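Dear colleague,

Please find below the structure that I am handing over to you.

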Amino acid sequence: MKKSILFLLTISTLIIFNSCGKDYDYRDKWVGEYEWVFEDEWRGSYFKMILPATVEKHGQDSVLIGITRVTDYEPLKTIVFYNYFQVLKDGTIRMPESYIGYQTCWAGRFESRDSFTLTAYGMLSGHDSSYTYVCKRIKK
């Protein structure tokens with residue numbers, strides 16, 4: 001009887017210690033390397049290429065998302081644009097409140113552990129428009 005009580009206490013103690021102290025950050029499941037498909041037509045030529053994107057944790061509830069975009073066609077040049085976003089536990093991506101009022105607003109969502117969409121709204125290329133990046137994970 002004493003052995004079974006001691007066994008139960010030992011198992012209970014192990015369970016308690018293993019469940020405590022693990023500080024899980026919900027953003028961990030979205031951190032990694034992604035890619036997105038860029039499609040455009042310029043001077044009669046059709047461009048389709050796969051460009052990289054990254055997601056890194058930042059601060060308390062934020063992520064830093066870097067999206068590679070084409071800046072020029074002749075010669076072909078790209079640049080990585082980095083933006084900080086708040087990300088909620090349900091996967092909703094939004095601009096930090098301190099950024100509200102900028103010419104371009106962003107909103108999006110982590111659809112799963114392996115993909116997210118991010119849409120830019122506002123003044124893009126000198127006129128009101130929107131553009132959506134659909135990113136798929138390639139590496140965690």
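Lys57 has a relative accessibility of 38%, so this residue counts as partly exposed (buried is under 20% relative accessible area, exposed over 50%, and partly exposed in between, with a 1.4 Å probe and protein chains only). The model is predicted, so local features need pLDDT of at least 70 and side-chain atom pairs count only at pLDDT 80 or more, while totals for chains, interfaces and linings use all residues. Residues are numbered from 1 along each chain as its sequence is written, and side-chain values use heavy atoms, with hydrogens and water left out.

Lys57 forms a salt bridge with Asp28, with 2.7 Å between the closest N and O atoms (a salt bridge is a side-chain nitrogen of Lys or Arg within 4 Å of a carboxyl oxygen of Asp or Glu). Asp28 is likewise partly exposed, at 28% relative accessibility. Five salt bridges are found in the whole structure. Another joins Asp114 to Arg137, at 3.2 Å between the closest N and O atoms. Asp114 is partly exposed at 45%, whereas Arg137 is buried at 17%.

As to the aromatic residues, there are 10 aromatic pairs (rings of Phe, Tyr and Trp, the latter by its six-membered ring, pair if their centres lie within 6.5 Å; planes under 30 degrees apart count as stacked, over 60 as edge-to-face and the rest as tilted). Trp30 and Phe110 are stacked, 4.6 Å centre to centre with 15° between the planes. Both Trp30 and Phe110 are buried.

Yours sincerely
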